[in-house]
Amino acid sequence: MKCPKCGSTNVNFQMVSETQLKKKHHSIWWWLFGGWIVDACMWIFFTLPMLFVKVFAPKKYKLKTKHMSMAVCQNCGYHWN
């Protein structure tokens, strides 16, 4: 394998992992079957406990990991997929 920038054959390959933190959202079934109504009623009737839950409950996040191989030229430092 040759470097496209300098033409050197001194190239190493590495596995690189990219991670992204994405916020989870409600599904279409939650919206269609009235989950939002239950949530609104709970806010109306149980305001103080709901505030406590919103402040101290952990957030709902999803970790998405993507793996890919990268080639790195050892002479010039150029990298590509």
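Cys76 is partly exposed at 35% relative accessibility, where partly exposed lies between buried (under 20% relative accessible area) and exposed (over 50%), using a 1.4 Å probe and protein chains only. This is a predicted model, in which local features need pLDDT of at least 70, side-chain atom pairs count only at pLDDT 80 or more, and totals for chains, interfaces and linings use all residues. Residues are numbered from 1 along each chain as its sequence is written, and side-chain values use heavy atoms, with hydrogens and water left out.

**Cysteines**
- The whole structure holds zero disulfides, a disulfide being a pair of cysteine sulfur atoms within 2.5 Å.
- For Cys76, the closest cysteine sulfur belongs to Cys73 and lies 3.6 Å away, which is too far for a bond.
- Cys41 is partly exposed too, with a relative accessible area of 34%.

**Fold and overall form**
- You can find three helices and three strands in the protein chain; these are DSSP runs, numbered from the N terminus (helices are H or I, at least four residues; strands are E, at least two).
- Following the sequence, their order is β-α-α-α-β-β.
- The protein chain is more spread out than a compact globule, because its radius of gyration is 24 Å, well over the 12 Å that the globule rule gives for 81 residues.
- That radius is taken over C-alpha atoms, and the globule rule is 2.2 Å times the number of residues to the power 0.38.
- The C-alpha trace spans about 70 × 30 × 15 Å along its principal axes.

**Burial**
- Among the 81 residues of the protein chain, 15% count as buried.
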